[in-house]
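Look at the model first, then read on.

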Amino acid sequence: MAGAGKTTTLTAIRQAAERDGYEVEGFAPTSRAAQQLQEAGILATTLQHFLTQARADSSSPKHLYVIDESSLASTKQVHQFFKRLGPADRVLLVGDIRQHQAVEAGKPFEQMQAAGMRTARLEEVIRQKDPALRNAVELLAQNRVVEAVGQLAEQGRIREVAESQQRLAAVTQSYLRHPEGALIVAPDNDSRLQINRLIHEGLRNAGQLAGGDHRVTVLTNRQELTGADRQWAARYDIGDVVRYTRGSKEIGLRQHEYAAVTAVDLTNNQITVQRHDGQLVTYDPKRLQGVSVYRREERELAAGDRIQFTAPMRQHRIANRQPGRVEKIELDGNLQVRLETGRTVDFNLRQHAHLDYGYAMTSHSSQGQTADRVIVHVPGNEVESRQLVNRRFAYVALSRARYDAEIYTNDAADLAHRLSRETSKRAAIEILSASGEQVSAGAIEQQKQQPLGQTIA
């Protein structure tokens, strides 16, 4: 359960494993979650980074691998990870199947539990310090959404503002009244961006931002693209920026290089990209793995703005979604940012353009975060947000809060119905079974009889 003392528990597990001679390492689908594993004293990196590297030699014959936020790991990632295990290795999967699922195909963490994997659960919530709020979060964890929303309404935590722009303004004003320790969670990128801009303007008008605004270009991840999408030229837009995690000697692209899409050939499934030196390279995206796709977007930044990093910055030990505050910004793109830990980093946007405002974020990005106060924006039934407003969104968003939470919605009477939506993905084996095709139950029953590991949900 979210907020149930995971870090404290993992610290004890690490200490016990090390006493028994295990070398403990951690992995997570996001660098933010990997950084949180380090708070438990576990040396950790992202799961993606581990899978792209050759396995390093180790002096220890026994390893305990801890995978955090396991609900976000795809079937392909988990399969590749398990193929690397040695006979004396053990794996601890940590996560919550009630939170968000992987963007890529599959839900292996949930399937392994359903197949009989030994599971330990932390069910006592300690994050929420307000008893009434804690009870509502516990009801959401039990999928008793109607009861949870009813309690939140009785507690005066639901605000109805029918008109969209007025609702965004109300969210902004609530944040500006008590900004310290506050976090806004929205289901969709559109309202997230609008709220961030309104808060920036509000802070500037109140004189809380130093100097003038600087218009900067940032890179925003096209998170809607799955691994399968990135293999098709039709899914790329001219102007997209592609980062090559692995690179390709055959095609002529270096590891960690960036290039901009200049042409798309749908007939031959090819894209043309322009490298930093102006050279054009044309290739079939099916031939490359390990790429990330971004859009260029404009932002107005000033000293005093709260930001979040939207990609890891390993040379400065900065995780994805790590927050900070702009201390200094110059015309040439030089930035000085103070992290929430108090450490200050200096860099140029040409070196790392992966940042955005940090006032509001989507619920996917907020998973793993904690805030004193959470303001949840639930938009109307717009096409973009309709499927994003569901029980996972409600549970993740509200469980971020320690002391207080508010929900702003266009229709309070319909809120429980919308937050009760179930949008869990279905595995291929479930689809085959539902279609009437033969499914091998023997393999599943055999898995149920053999423990696959343990999980802290």
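This is a predicted model: local features need pLDDT of at least 70, side-chain atom pairs count only at pLDDT 80 or more; totals for chains, interfaces and linings use all residues.

Residues are numbered from 1 along each chain as its sequence is written, and side-chain values use heavy atoms, with hydrogens and water left out.

Reader: How many helices and strands does the protein chain have?

Author: Both are DSSP runs, numbered from the N terminus: helices are H or I with at least four residues, strands E with at least two. The count for the protein chain is 15 helices and 22 strands.

Reader: What share of the protein chain is buried?

Author: Buried means under 20% relative accessible area, with a 1.4 Å probe and protein chains only. The chain has 457 residues, and the buried share is 49%.

Reader: At what angle do α6 and α7 pack?

Author: Helix α6 spans residues 131-141 and helix α7 spans residues 145-154. Axes are lines fitted to C-alpha atoms over the stretch in contact, and angles run from 0 to 180 degrees between N-to-C directions. The axes lie 8 Å apart, at an angle of about 160°. That makes the pair roughly antiparallel (over 145 degrees).

Reader: Which residues of α7 meet α6?

Author: Contact means heavy atoms within 4.5 Å. From α6 come Ala132, Leu133, Asn135, Ala136, Leu139 and Leu140; they meet Val145, Glu147, Ala148, Gln151 and Leu152 in α7.

Reader: Is α12 mostly covered or mostly uncovered?

Author: Helix α12 covers residues 391-398. Its buried residues are Arg392, Phe393, Ala394, Tyr395, Val396, Ala397 and Leu398. With seven of its eight residues buried, α12 is mostly covered.

Reader: Which residue caps the N-terminal end of α12?

Author: Look for a side-chain oxygen 3.0 Å from the backbone nitrogen of Arg392. The residue that caps this end is Asn390.

Reader: How are α6 and α12 directed relative to each other?

Author: Their axes are 9 Å apart, at an angle of about 150°. The two helices are therefore roughly antiparallel.

Reader: How many nonpolar residues are in the contact of α6 with α12?

Author: Val137, Leu140 and Ala141 in α6 meet Ala394, Tyr395 and Leu398 in α12. Ala, Val, Leu, Ile, Met, Phe, Trp, Tyr, Cys and Pro count as nonpolar, Asp, Glu, Lys and Arg as charged, and the others, Gly among them, as polar. No polar and no charged residues take part, and the nonpolar count is six.

Methods
Angles under 35 degrees count as roughly parallel, over 145 as roughly antiparallel, 65 to 115 as roughly perpendicular and the rest as oblique. Buried means under 20% relative accessible area, exposed over 50%, partly exposed in between (1.4 Å probe, protein chains only). A polar contact is a pair of N or O atoms within 3.5 Å; within protein, one must be able to donate a hydrogen and the other to accept it, and residues adjacent in sequence count only if both atoms are side-chain atoms.
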